[in-house]
Amino acid sequence: MAARATWKGYLRVSLVNIPIKVFPATESSGTISFNQLHAKCQTRIQQKRWCPTCNEEVAHSDIAKGYEFEKGRYVVVAEDDIEKVRPTSTRIIDLVQFDEATALDPMYVDRTYYLAPDGQVAANAFAVMREGMKGKIGVGKLALYGREYLVAVKPHDKGLVMYTLHHAAEIRGTESIEELGAIPTKVKPQEVQLAKQVIGTFEKKLDLSDYRDEYREGLQKIIDAKIAGEEVVAPAVEMPPKVVNLMEALRKSLDSVSDQKKKSAKAELPKKVAAKGEAKKKRVG
């Protein structure tokens with residue numbers, strides 16, 4: 001099934017405006033969601049807007065936006081106030097700065113979208129801009145539906161990928177995390193060396209398609225079993241042992257990886273011997 005664009009507009013770089021379509025790069029259909037039910041009768045719960053002061057349900061038309069400037073004290077912000085600062089919905093992704101693609105810290109990324117040309121005429125300009133942006137990332141703003149978004153755009157496969165970004169003011173610093181203050185400034189070189197060896201044994205080219213959402217799969221099995229009226233048995237939960245001696249734990253990690261590699265090599269050996277035997281039979285035949 002072909003992907004459907006959720007937005008149309010223009011990608012602007014200086015005086016160049018390219019008609020584009022925007023497609024979500026991720027989907028939530030794989031996530032299992034639940035409804036809230038009354039456990040007694042399994043009826044779906046209804047959410048109501050309730051005022052505890054007036055002891056009554058409040059209609060949507062009677063809801064006001066309030067900003068809490070002190071504990072329990074609010075200033076009411078009306079829609080007219082919001083309109084005064086709301087940006088015009090221009091439907092233009094305006095890139096105003098470029099840097100190396102590696103300059104973007106993943107912490108700033110909020111959501112991901114694909115960009116594609118809107119029409120054959122736009123395809124050529126889109127291709128030229130994509131090639132010109134190779135190795136670079138463009139940063140700019142997008143005014144959409146009364147909101148202003150900070151965005152970054154870079155080449156990806158045949159098209160472009162766009163990230164909506166958090167502003168710097170939204171990113172929390174680590175100075176507020178007291179536990180980080182307990183981390184020592186100096187560590188033992190021999191422990192670091194062993195840690196690097198352990199890490200090195202797990203190094204390989206990253207491919208996220210190797211990983212599955214095992215929690216979702218397990219949850220789906222439980223749901224299917226319950227629908228079928230089968231009993232669900234929970235597996236025993238194993239707690240990881242506490243690390244008392246770091247050096248000993250690192251050495252055991254290396255030994256464990258070494259043993260696993262030996263077992264894997266032994267398991268592969270019969271397969272290779274069998275494959276050689278089959279090849280020899282074919283040559284003889």
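Arg130 lies in helix α2. Helices here are DSSP runs of H or I with at least four residues, strands are runs of E with at least two, and both are numbered from the N terminus. Is Arg130 buried or exposed? Arg130 is buried, with a relative accessible area of 17%. Buried means under 20% relative accessible area, exposed means over 50%, and partly exposed is in between, with a 1.4 Å probe and protein chains only. Leaving aside neighbours within four places in sequence, Arg130 is in contact with Pro155, Asp157, Lys158, Gly159 and Leu160. Contact means heavy atoms within 4.5 Å.

Before going on, a word on the model. This is a predicted model, in which local features need pLDDT of at least 70 and side-chain atom pairs count only at pLDDT 80 or more, while totals for chains, interfaces and linings use all residues. Residues are numbered from 1 along each chain as its sequence is written, and side-chain values use heavy atoms, with hydrogens and water left out.

Now the whole protein. The secondary structure comes to five helices and 11 strands. Of the 285 residues, 17% count as buried. Among contacts with a separation of 6 or more, 60% are between residues 24 or more positions apart.

Next, the barrel. Seven strands close into it in the order β1-β2-β8-β11-β10-β9-β7, and the pairing is mixed. From one strand to the next, the twist averages 40 degrees. Angles run from 0 to 180 degrees between N-to-C directions, and the axes are lines fitted to C-alpha atoms, for helices over the stretch in contact. Two strands pair if DSSP finds at least two bridges between them.

Take the pairs in turn. β1 and β2 run antiparallel and are joined by seven bridges. In that pair, Tyr10 stands opposite Pro19 in β2. The hairpin of β1 and β2 has two residues between the strands, and Ser14 there takes a positive phi near 60 degrees. On to the pairing of β1 with strand β7, residues 92-100: it is in the parallel sense, over four bridges. Leu11 stands opposite Ile93 in β7. Strand β8, residues 109-117, is joined by six bridges to strand β11, residues 159-165, and the two run antiparallel. Which residue stands opposite Leu115? That is Leu160 in β11.

Now the pockets. On a 1 Å grid over the protein atoms alone, a pocket is an open set of points where a 1.4 Å probe fits, with protein on both sides within 12 Å along at least five of seven lines, and lining residues have an atom within 4 Å of a point. The largest pocket has a volume of about 340 Å³. That volume is the space filled by probe spheres set on the points, which are joined across faces, edges and corners. How many residues line the largest pocket? There are 19, of which Asp110, Tyr113, Arg147, Tyr149 and Thr164 lie nearest its centre. The elements giving two or more residues to this lining are β8, β9 (136-144), β10 and β11. β10 gives the most, with four residues.

Cysteines next. The structure holds zero disulfides, a disulfide being a pair of cysteine sulfur atoms within 2.5 Å. Cys54 is partly exposed, with a relative accessible area of 48%. Cys41 also counts as partly exposed, at 45% relative accessibility.

Some backbone angles to finish. Most residues other than glycine have a negative phi. Asn55 is not a glycine, yet has a positive phi of about 55 degrees. Asn55 lies in the loop between β3 (50-51) and β4 (56-57), and is exposed, with a relative accessible area of 55%. Arg91, not a glycine either, has a positive phi of about 55 degrees. Arg91 is found in the loop between α1 (79-83) and β7, and is partly exposed, with a relative accessible area of 31%.

Lys196 counts as exposed, at 56% relative accessibility. The C-alpha atoms of Lys196 and Leu250 are separated by 9.8 Å, and the two are 54 residues apart along the chain.
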